[in-house]
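Here are my notes on the model you sent over, as numbered points. Have the structure open while you read.

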Amino acid sequence: MNAIRELAVVTGASSGIGFELAKLCATEGYDIIAVADEPEIHDAAEKLANEGTRITAVEADLAQKSGVDKLMAAIDADGRPVELLLANAERGLREGFLDRDFKEIEHALHTNITGTLDVLHRIGMQMRERRRGRILITGSIAGFVPGSFQAVYNASKAFLNNFSFALRNELKDSDVTVTCLIPGPTDTEFFERADIADMPLGEMKKGDPAFVARIGFEAMMEGEGDVVSGWKNKLQAAIANVTPSEMLAEQHRELAEPGGGKPT
Ligand SMILES: NC(=O)c1ccc[n+]([C@@H]2O[C@H](COP(=O)([O-])OP(=O)(O)OC[C@H]3O[C@@H](n4cnc5c(N)ncnc54)[C@H](OP(=O)(O)O)[C@@H]3O)[C@@H](O)[C@H]2O)c1
């Protein structure tokens, strides 16, 4: 008789790094609950299905409590405990802070922070109770840089980079591990969605999402604290650490200011 397959939950699994993370979960023998807020998650689930892998697609807006409730209902309906949680969904947000409608800002914050924490809290409690589970949180090297003209996104990533290590420490006696994947620019739909593809930030050389996902997945399975994708990003993270914030914010302005500082 086949052993019961374990369950992985991947948020933001419809494209980019999340899709690649879900692919790795499938090839490593996990069944998957794959979540995103657009109907494309069903197409992604079809692509992910391989022989023997059960994929449940959940179309839910994780910025809303009702979306997280929907995900938890799918987990309850499955009946198995969550072995792997890959908290990866996010929403980018360009332009000056005061130039955005606050509703859009709230939605980004609720996706990147509140919804992510709600998922981590609910599934994390179950993992702690079982004294078993692995968590991967997708942060970003953007979290090391004050992101002028992308301030909310960068700050939300700073939150997650920081939060991840605190949660890891709180869980250190429980056999539940927390790992932060810290990618640099990666070739996904992020730049189109955030409407920054035509800015210097969007035109930077980007990494391969499959590579980024692989190093994140491996770090999670090894129970490491964090992993920065690629040596250039490691270098950039180290430099950001010793560069005055004022200078970092000014450099980011050059990359992300609408019109690129040129007359519009
Ligand atoms: N690409 C980069 O350069 C880069 C660099 C560093 C870190 N990262 C991080 O990598 C992670 C993945 O991003 P990506 O680059 O792969 O971008 P992506 O292709 O745009 O993927 C984002 C995913 O999040 C989902 N999502 C967005 N809002 C959601 C919501 N409210 N509820 C549920 N799902 C939602 C999207 O689904 P829908 O299509 O259904 O909205 C999509 O599946 C993010 O955490 C990002 O911050 C990316």
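1. Glu-83 is buried, at a relative accessible area of 7% (buried means under 20%, exposed over 50%, partly exposed in between, with a 1.4 Å probe and protein chains only). Its salt-bridge partner is Arg-130, with 3.4 Å between the closest N and O atoms; a salt bridge here is a side-chain nitrogen of Lys or Arg within 4 Å of a carboxyl oxygen of Asp or Glu. Arg-130 sits in helix α4 and Glu-83 in strand β4, so this is a link between distant parts of the chain, 47 residues apart. Arg-130 itself is partly exposed, at 31%.

2. A word on the basis: this is a predicted model, where local features need pLDDT of at least 70, side-chain atom pairs count only at pLDDT 80 or more, and totals for chains, interfaces and linings use all residues. Numbering runs from 1 along each chain as its sequence is written, and side-chain values use heavy atoms, leaving out hydrogens and water. Helices (H or I, at least four residues) and strands (E, at least two) are DSSP runs numbered from the N terminus.

3. The structure holds 18 salt bridges. One of them pairs Asp-37 with Arg-91 (3.4 Å, N to O). Asp-37 is in the loop between β2 (31–36) and α2 (40–48), and Arg-91 is in the loop between β4 (82–87) and α4, so the pair ties together parts that are 54 residues apart in sequence. Asp-37 is partly exposed at 27%, and Arg-91 counts as partly exposed at 25%.

4. Lys-23 is partly exposed at 37%, while Glu-20 is buried at 15%.

5. Which residues come nearest? A polar side-chain atom of Ser-14 is 2.6 Å from a ligand oxygen, and a side-chain N or O atom of Thr-111 is 3.1 Å from a ligand nitrogen. The protein buries 98% of the 890 Å² that the ligand exposes when taken alone (Shrake-Rupley method, 1.4 Å probe).

Terms used
A polar contact is a pair of N or O atoms within 3.5 Å; within protein, one must be able to donate a hydrogen and the other to accept it, and residues adjacent in sequence count only if both atoms are side-chain atoms.
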